[in-house]
Amino acid sequence: MIYTVTLNPAIDYYITLEEFQEKELNSCEDAYTIVGGKGINVSKVLDNFGIKTLALGFVGGFTGDYIKKDFRLAKMREQFTELEENTRINIKMKTRVGESEIAGKAPDISEEDLEKFYKPLEQIKEGDILVLSGSVPKSLSDEVYAEIIARLPKEVRIILDARGKAFAKALEKGVYFTKPNQKELEEYFEREIHSLEELVTAAKELQKRGSKYVIVSRGGEGSFCVTEDKVLIGNAPKGKLISSVGAGDSMVAGILYALEKGCGIEEAYSYGIAAGSATAFSEGLTNLQDMEKIKEKVIIEEYQGK
């Protein structure tokens, strides 16, 4: 069974306009609203792929009701802990010069709320997969991901896709794989990284610190995966970029889809590339058919280094 945790979900309000002008009235050319949050995105993509998950996290107020209704309509499973304050609303704006985002204020989460959240974790058993993904609300400790891991059987495979102190603390507990990008690696190691060779070295160090596998996304330059005995370089399949939002979460979902099908990490990595790319080329999150088409374009080679 796959469980996803989204401590800081949101309703994402997507708007498109030619140009944003400060201190002026701006009119949208297009707008739509979807339920967001990294763990929720993973659950949604896996559901598109025919894999059921149980989504955990916090929701509250009228926006929280919107999220729960969205899950009901999609016949997806959730066991969210309900708060009194509203779940945040994020604004994701696309103009001719690029994409921008305004992250909404997260609701406060009390110790009592947190204890209620911990209860569903008791059903997670050996062999299950838990995805810890996304930001941690300011009202929670940076130790929260580490505390979640500490409450689980050691045989649970932990997927960690976060950043900052929460990431660092969770990594110390040991995880199955992480999926940082270059900027996140630079933040973690507190140094600039200038080449692929330096990126690979940083990823291997991350592996030594607690991540069995490390997958590093490099945007248009592709990605690479550090396994137990080699480094694999994956291409960036060609296609028209529609939106990069959710591509990283789709990559995680693609890997988990393959793992659930019994694939090894190398083959799972290729599915991750396909899923991430398919979402980048789509309006919204990818479906199985589009992912499988992109899978045919994925090329993976072993990195030889210098």
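K230 is partly exposed, at 23% relative accessibility; partly exposed lies between buried, under 20% relative accessible area, and exposed, over 50% (1.4 Å probe, protein chains only). The model is predicted: local features need pLDDT of at least 70, side-chain atom pairs count only at pLDDT 80 or more, and totals for chains, interfaces and linings use all residues. Residues are numbered from 1 along each chain as its sequence is written, and side-chain values use heavy atoms, with hydrogens and water left out.

**Salt bridges**

K230 pairs with E266 in a salt bridge, defined as a side-chain nitrogen of Lys or Arg within 4 Å of a carboxyl oxygen of Asp or Glu. The pair links distant parts of the chain. E266 is in helix α9, and K230 is in the loop between β13 (223–226) and β14 (231–234), 36 residues apart. Helices (H or I, at least four residues) and strands (E, at least two) are DSSP runs, numbered from the N terminus. E266 is partly exposed, with a relative accessible area of 36%. Salt bridges that share partners also join E18, E19 and R96 into one network.

The whole structure holds 21 salt bridges. The table gives some of them.

| Salt bridge | N to O distance |
|---|---|
| E266 and K230 | 3.4 Å |
| K169 and E143 | 3.8 Å |
| E147 and R151 | 2.8 Å |

K169 lies in helix α5 and E143 in the loop between β9 (129–133) and α4, so their bridge ties together parts that are 26 residues apart in sequence. K169 is partly exposed at 31%, and E143 is partly exposed at 39%.

**Helix α5**

Helix α5 spans residues 164–171, and A166, F167, A170 and L171 are buried in it. Seen down the axis, these buried residues fall within an arc of 130°, so they line one face of the helix. The arc is that of the directions from the helix axis to the C-beta atoms. The buried residues pack against α4 (144–150), β10 (157–161), β11 (175–178), α6 (182–189), α7 (196–208) and β12 (211–217). Contact here means heavy atoms within 4.5 Å.

**Aromatic rings**

There are 10 aromatic pairs in the structure. Rings of Phe, Tyr and Trp (its six-membered ring) pair if their centres lie within 6.5 Å; planes under 30 degrees apart count as stacked, over 60 as edge-to-face and the rest as tilted. Y176 and Y213 form an edge-to-face pair, 5.3 Å centre to centre and 80° between the planes. This pair links distant parts of the chain: Y176 is in strand β11 and Y213 in strand β12, 37 residues apart. Both Y176 and Y213 are buried. The charged end of R157 sits over the ring of Y176, 5.5 Å from its centre. That label requires NZ of Lys or CZ of Arg within 6 Å of the ring centre and within 35 degrees of the ring normal. K295 lies over the face of Y271, at 4.8 Å from the ring centre. Y271 also forms one aromatic cluster with F49 and Y257.

**Nonpolar cores**

A nonpolar core is a set of buried Ala, Val, Leu, Ile, Met, Phe, Trp, Tyr and Cys residues joined through side-chain atoms within 4.5 Å. The largest has 46 residues, and those with the most contacts inside it include F117, L130, L132 and I148. Helix α7 gives the most to this core, with 5 residues. Beyond four places away in sequence, I148 touches F117, Y118, L121, L130 and L132. Another core of 34 residues lies apart from the largest one, with I2, Y257, L259 and I294 among its members.
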